[in-house]
Amino acid sequence: MRLHLFGRAAGMIFALGALVASARAADLPRLEHADGRYTLVVDGRPYFPLGAQVGNSSGWPAMLEELWPKAEALHLNTLEVPIYWEQMEPREGVFDDTVVEDVIRQARAHHVRLVLLWFGTWKNGKMHYVPDWVKQDTQRFPRMVTRGGQKIDVLSANSEANLDADRKAFVHLMRVLKQTDGDQHTVVMVQVENESGALGSVRDFSPAAQRQFEGAVPEALVKALGKTAGTWRQVFAEDADETFQAWSVARYIGQIAAAGKQELALPMYVNNWLKSPRGYPVLTIPGEDYPSGGPTSNMLAVWKVAAPAIDILAPDIYVPNTERYRDVMEQFKRPDNPLFIPETHGFGHFPGSQGAARNLFLAIGAGTIGFAPFGLDNFAPVSADGKPDYEQTGLAQNYELLSPIADELAQLQFAGKVRTAVEEPGLEQVELTFGRWSALVSFPPAYAASADTGGLSLTAALHMGRVMVAQLGPDEFLVAGIDARVNFRVTPPAGEKQAQLLTVEQGTYTGTKWQPSRLWNGDETDAGLNFKAPGSVVRVKLGTY
């Protein structure tokens, strides 16, 4: 009888444990999709990563300790940090978990979420972060071979040995995350590899890879693309080499991600070195001007078939103007692909570009589920000689303005209630329509900035004005803006009805609760809602007369 009761009790305890484990798994960060929109859900609520990425060699505990003051000055809520295969597995099968565990510990201490970047087989089209024991054994871990027979410093995606080694290490990483963070969710996403593909050759021309290339294109790919069966050359003609490489790389990474998700099913994405990042539209040679086989705009469909375990194909956006920025976002925002910007200019990494400060608002309006400029190490709103960097100052203003309302922003964006407008040369006014109501956004000349004050506003020549408008209810709106003016009107045709501001409350959110600090009136509202730097957030109630 005692044995029977013990068995029943043990069974109940086991069932309860399984239920708790299941509940925790259900609460894992995940992507949700509804009505053509996506969001990242963390701890059961939409979450918007206002992020930054640290430098390539800054994912070490000592380096990271030095960066937290900059993270706090930027007011970010998420930090992207690389994890290095060469560090984690210095000898085959011997793992060192101290770095990833310390990175997580530091993030928790600073109340920041993490996106971890797996620097494994690929980093910017090369193999520089693989362990020494992989680099030195070229027979077991083959390199790619060029058309001319030259080996290059890129591991072959057509090698099972290469795949197996990377997969084992990545699975170990995800197991560590499960053990140390499975129920705390400090880590909300994982990037699998970094700007994958090959620089130095369009594809692998080794005998083993050549045999695969001369075989039939996989049926799944032929069917998905609506092609006729045949060899790679027969099906894809002049694009055969790059398409074969894309299939090979995507299958390789997809299998790594799928194995990792067996340990911990976090959202996983790959980032992308754009097809023509510098000389648009001239530089377009795969393997020379960008890594061949990566998830470039022309290979997205191939990647979706080859790597279903990858949730997001994400662009690293380093482009010289707003028009091109929009183009890239439109290419990667698809019904089957959330828009996420894990890397972009903002901290002096891309000299000559403008718009770093306004690009966050541009991206929010396009539906991005997160945003992270590269190179937090270089964040310096004021240079050593005291000169202000207006773009970096603008980025900090953005994050300070939006960080307290980030949870509300994520929910409103997922509900399709958010519109944005940014200042551009020659653009005097933008109309954002919300059914009955419209918001007219204009960008009047800004006050000149000065180094000693930090600047009340930034110079008009920089075209840095930006506004976000979100509808809270039939006649209520949340508006956040910097260097802009917003007037509401009844959407034409309005008849004889005129819009009026009933109340304008400045404030912010504490969690989900709105905390007003004052009412706007007079100079702040007479000519429209007047947003000066460093920006304000207001709740507006409208009526008519």
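A residue counts as buried when its relative accessible area is under 20%. By this criterion, seven of the nine residues of helix α15, which spans residues 406–414, are buried. Helix α15 is therefore largely enclosed by the rest of the structure. Its buried residues are Ala 406, Glu 408, Leu 409, Ala 410, Leu 412, Gln 413 and Phe 414. Just after α15, Gly 416 adopts a positive phi of about 75°.

The model is predicted. Mean pLDDT for the chain is 91, and 90% of the residues reach 70 or more. Where pLDDT is low, the predicted coordinates should not be read in detail.

The chain has 545 residues, of which 54% count as buried. It contains 15 helices and 23 strands. Among contacts between residues at least 6 apart in sequence, 74% join residues at least 24 apart. The chain exposes about 23000 Å². Carbon and sulfur atoms supply 52% of that area.

Strand β14 covers residues 418–422 and includes Thr 420. Thr 420 has a relative accessibility of 16%, so it counts as buried. Its side chain has polar atoms placed close to two backbone atoms, as the following distances show. The backbone oxygen of Phe 361 lies 2.9 Å from a polar atom of the Thr 420 side chain. The backbone nitrogen of Gly 365 lies 3.4 Å from a polar atom of that side chain. Beyond four places in sequence, Thr 420 touches Phe 361, Leu 362, Ile 364, Gly 365, Leu 432, Val 467 and Met 468.

Gly 51 belongs to strand β4, which runs over residues 51–53. With 2% relative accessibility, Gly 51 counts as buried because the value is under 20%. Gly 51 and Leu 79 are 28 residues apart in sequence. In space, their C-alpha atoms are 5.4 Å apart.

Note on methods
Residues numbered from 1 in each chain as written. Predicted model: local features only at pLDDT ≥ 70, side-chain atom pairs only at ≥ 80, totals over all residues. Heavy atoms only, no water. pLDDT = per-residue confidence, 0-100. Helix = DSSP H or I, 4+ residues; strand = E, 2+ residues; numbered from the N terminus. Buried < 20%, exposed > 50% of the residue type's maximum accessible area, 1.4 Å probe, protein only. Polar contact = N/O pair within 3.5 Å; in protein donor to acceptor, adjacent residues only side chain to side chain. Contact = heavy atoms within 4.5 Å. Areas by Shrake-Rupley, 256 points an atom, 1.4 Å probe, with all protein chains shown as cover.
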